[in-house]
Amino acid sequence: MARRALITGITGQDGSYLAEHLLEQGYEVWGLVRGQANPRMSRMRRLLSDVQVVRGDLLDQGSLISVVERVQPDEVYNLGAISFVPMSWEQAELTAEVTGMGVLRMLEAIRVCSGVSRGAGGPASGQIRFYQASSSEMFGQVSETPQNEATAFHPRSPYGVAKAYGHFLTQNYRESYGMFAVSGILFNHESPRRGAEFVTRKVSLGVARIKLGLAGELRLGNLEARRDWGFAGDYVKAMHLMLGAAKPEDYVIGTGRMKSVRELAEAAFAAAGLDWERYVVTDQTLHRPAEVDLLCADPKKARAQLGWEPRVSFDELVSMMVDADLRLLTNGTDPDDYDPW
Ligand code: NAP
Ligand code: G4F
């Protein structure tokens with residue numbers, strides 16, 4: 001019988017790549033979708049017609065219990081979140097509820113539906129395996145570089161704090177109830193399906209607009225911030241490997257290489273044959289109340305224990321995104337209507 005996976009956040013960047021990957025592996029894939037008529041759901045249905053959709057919301061405990069009862073998954077991937085860091089200052093409480101408390105609600109739904117009782121300890125029978133989308137944002141103001149599974153957390157945004165709560169809770173449910181519950185501490189990963197508000201996609205779209213004469217400048221915030229950027233298609237494979245491991249453990253996933261936003265802009269404009277310095281304008285209003293200056297993964301554990309390696313380099317990723325956005329805008333598609341699937 002095919003293994004059955006339930007994915008929250010299936011309409012997002014990672015949800016799309018993970019669904020494709022699991023379908024390729026022969027899984028039966030179910031996606032949790034919120035709202036009455038989520039426009040991204042119709043795109044998902046068109047491109048992933050093999051995915052089955054269930055309605056539910058990370059804000060609604062009862063809906064999650066009903067979904068787990070109905071789907072009876074072997075694996076749950078909790079990717080749903082408010083994931084844009086600046087929004088977490090504007091809507092801090094909502095971020096805490098979705099990105100933080102949503103993890104508790106999903107774990108509780110699994111615990112209740114598996115019949116695991118408090119104090120039972122030990123491995124539960126008929127276990128549902130649980131993956132939590134933890135984030136390198138938890139490291140925040142880093143205490144060491146590169147960051148590994150043992151590096152202390154110092155989150156710098158309501159988003160990072162909410163993710164740290166979900167991370168510790170996942171560990172706690174593993175230790176309290178013997179659940180197969182793991183966290184992937186993923187560093188930034190991008191693709192042509194990335195939301196337009198994140199810096200890589202903002203840059204690739206900006207470059208494409210300038211190249212095609214649709215814009216004259218690109219406004220960016222902190223050019224000195226450094227990130228460890230990889231390709232989302234590589235990273236979802238690590239999620240799957242974590243749930244297939246013999247033991248439930250947390251893993252850092254990243255490339256181990258850092259680039260600055262300045263270097264990102266330079267590479268993206270160069271990929272379109274343009275000089276970034278002629279077009280990039282810095283804008284103080286885009287700076288954050290508290291910045292994460294640098295993030296760089298030490299993915300040794302994932303390489304040694306899961307055999308996971310990133311395949312796509314930074315330059316390949318940037319070219320892939322710029323080329324995709326040039327094609328998109330050349331076809332006259334409005335990025336807001338863009339169907340990245
Ligand atoms: P994304 O594109 O922003 O997708 C977020 C998903 O969460 C969307 O499908 C969204 O659904 C869903 N969602 C929002 N509120 C919800 C709610 N109340 N109930 C259920 N679902 C809800 O994010 P992503 O880049 O794919 O990232 C996936 C996960 O990994 C997130 O948890 C993110 O925080 C984490 N992460 C991402 C990165 C990265 O670099 N991409 C790195 C580390 C960790 P709608 O379509 O309904 O809005
Ligand atoms: O692309 P970003 O918005 O991603 P950020 O904040 O690193 O968060 C992403 O990665 C996390 C993993 O580390 C995820 F957990 C999270 O969900 C999300 O996917 O910003 C990257 C850097 C920041 O330092 C920001 O200050 O780029 C800098 N930046 C400079 N100018 C900008 C801009 N960021 C954005 N979004 N827009 C700008 O104009």
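Mentor: Start with the word pocket. A pocket is an open set of grid points, on a 1 Å grid over the protein atoms alone, with protein on both sides within 12 Å along at least five of seven lines. Its volume is the space filled by probe spheres set on the points. Keep in mind that this is a predicted model.

Now apply that. The second largest pocket has a volume of about 210 Å³. Its lining is made of 14 residues. Nearest its centre are T255, R257, V312, S313 and F314. By class, the lining holds seven nonpolar, two polar and five charged residues.

Turn to ligand 2. It is surrounded by 23 residues. The closest are S135, S136, Y159, R288 and E291. Sorted by class, this shell has ten nonpolar, six polar and seven charged residues.

At S83, a backbone N or O atom lies 2.7 Å from an oxygen atom of ligand 2. At Y159, a polar side-chain atom lies 2.8 Å from an oxygen atom of the ligand. At G221, a polar backbone atom is 2.8 Å from a nitrogen atom of ligand 2. Taken alone, ligand 2 exposes 710 Å², and the protein buries 95% of that.

N188 sits in the loop between β6 (181–186) and β7 (189–190). R201 is 13 residues from N188 in sequence, and their C-alpha atoms are 12 Å apart.

The peptide bond from T145 to P146 is cis, with omega near 0°. P146 belongs to the loop between β5 (129–135) and α6 (158–177). Q72 has a positive phi, near 50°, although Q72 is not a glycine. Look for Q72 in the loop between α3 (61–71) and β4 (75–78).

How values were computed
Residues numbered from 1 in each chain as written. Chains lettered and ligands numbered in written order. Predicted model: local features only at pLDDT ≥ 70, side-chain atom pairs only at ≥ 80, totals over all residues. Heavy atoms only, no water. Near = heavy atom within 4 Å. Polar contact = N/O pair within 3.5 Å; in protein donor to acceptor, adjacent residues only side chain to side chain. Areas by Shrake-Rupley, 256 points an atom, 1.4 Å probe, with all protein chains shown as cover. Nonpolar A, V, L, I, M, F, W, Y, C, P; charged D, E, K, R; others polar. 1 Å grid on protein atoms, 1.4 Å probe; cavity = no way out; pocket = protein on both sides within 12 Å on 5 of 7 lines; lining within 4 Å. Helix = DSSP H or I, 4+ residues; strand = E, 2+ residues; numbered from the N terminus.
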